[in-house]
Amino acid sequence: MASSGYHEGDWYKSSKDIQGILLDISGVLYNSSDDGGVAIPGSVQAVNRLKSAGLKVRFCTNETLCTRQVLVTKLTKLGFDIKMEEVFSPIPAVCHVLRQQNLIPHLLVHTDALPDFGDLASSKASPTCVVIGDCASQYTYDNLNNAFRVLINMEKPALIALGRGKYYKDGGQLNLDVGSFMKVLEYACGCQATVVGKPAESFFMAALNDMGVPPDKAVMIGDDIVNDIGGAQACGIRGLQVRTGKYRPSDEQHPEVRPAGYVDNLADAVNLLLSNR
């Protein structure tokens with residue numbers, strides 16, 4: 001690992017105009033595990049420092065293994081100053097899309113996340129789309145095959161994915177993420193999924209609009225080179241990658257995405273950002 005605070009492009013020297021910070025959660029704030037996870041050293045204090053400095057902060061996550069309330073409660077127990085209205089996740093966004101377009105979903109999501117779907121999770125009408133999110137061990141053959149059968153019997157298969165990540169880190173190990181299973185259904189049904197969540201532009205813009213901050217006055221800090229950094233940069237947001245979470249050294253040779261900078265962790269990023277304001 002490079003020395004702490006290594007950077008490319010002197011991104012922090014132009015940080016005086018930054019008004020808003022978008023933070024990924026898993027792999028940036030904490031490392032997830034079955035027992036609730038542990039805060040990454042310095043991340044609790046880093047969030048506090050950002051808020052104390054008057055910067056607007058929103059938490060942008062593709063985590064859909066549980067409800068937003070459960071996630072916020074877990075992070076609060078770890079010491080984070082975080083409110084539910086500050087958390088942007090794909091489920092509220094997809095519920096808005098489903099209601100707006102009068103779609104009836106077949107849900108391939110974790111049972112712990114079902115409460116966030118409200119009455120959409122209990123409709124008895126024939127599905128008009130399939131929504132796929134994080135399922136962890138609930139990605140069984142039967143569950144995937146049931147979703148396939150719903151899709152393949154549609155005249156125009158409609159698949160909505162709550163993110164498109166290839167893998168994530170949990171309990172110290174890398175695990176297949178929703179994007180990998182999304183690709184299975186795309187291939188089997190000859191369709192292309194609509195992505196709600198990172199890296200979709202609408203997802204990032206919703207968080208920016210909530211803060212009232214334009215893209216060029218914001219920074220996205222994440223551990224995913226494609227969905228956090230690439231997605232943000234496609235919207236005109238500066239992207240900063242931390243070397244925690246799912247980060248791998250090969251990210252720094254990515255053929256398409258080059259972050260504004262790399263830092264060892266969130267605390268290093270905040271140190272650099274605030275030291276130049």
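Search the whole structure and one cavity of 30 Å³ or more turns up. A cavity here is a set of points on a 1 Å grid over the protein atoms alone where a 1.4 Å probe fits but cannot get out. Its volume is the space filled by probe spheres set on the points, which are joined across faces, edges and corners. This is a predicted model, in which local features need pLDDT of at least 70 and side-chain atom pairs count only at pLDDT 80 or more, while totals for chains, interfaces and linings use all residues. Residues are numbered from 1 along each chain as its sequence is written, and side-chain values use heavy atoms, with hydrogens and water left out.

**Stop 1: the cavity.** The largest cavity holds about 50 Å³ of space. Select its lining (residues with an atom within 4 Å of a point): Thr61, Glu63, Thr64, Cys66, Thr67, Arg68, Leu71, Val87, Ser89, Pro90, Ile91 and Asp116. Two or more of these residues come from each of α2 (68-77) and α3. Helices are DSSP runs of H or I, at least four residues long, and strands are runs of E, at least two, numbered from the N terminus.

**Stop 2: helix α3.** Select residues 90-100. Pro90, Ile91, Val94, Cys95 and Leu98 are buried (under 20% relative accessible area, 1.4 Å probe, protein chains only; exposed is over 50%, partly exposed in between). Seen down the axis, these buried residues fall within an arc of 130 degrees, so they line one face of α3. The arc is taken from the directions from the helix axis to the C-beta atoms. Turn to the other side for His96 and Gln100, both exposed. The buried residues pack against β6 (105-108), β7 (129-132), β8 (159-161) and α6 (201-211); contact means heavy atoms within 4.5 Å. After α3 comes Asn102, with a positive phi near 55 degrees.

**Stop 3: Gln241.** Go to strand β13 (residues 238-242), where Gln241 sits. Gln241 is buried, at 0% relative accessible area. Its side chain reaches the backbone oxygen of Asp223 at 3.2 Å. A polar contact of 2.9 Å joins the side chains of Gln241 and Asp251 (a pair of N or O atoms within 3.5 Å; within protein, one able to donate a hydrogen and the other to accept it, with residues adjacent in sequence counting only if both atoms are side-chain atoms).

**Stop 4: Leu266.** Select helix α8 (residues 266-275), which contains Leu266. Leu266 is buried, at 1% relative accessibility. Not counting residues up to four places away in sequence, Leu266 touches Leu23, Val28, Leu29, Ser43, Ala46, Val47, Ile221 and Val242.

Conventions
1 Å grid on protein atoms, 1.4 Å probe; cavity = no way out; pocket = protein on both sides within 12 Å on 5 of 7 lines; lining within 4 Å.
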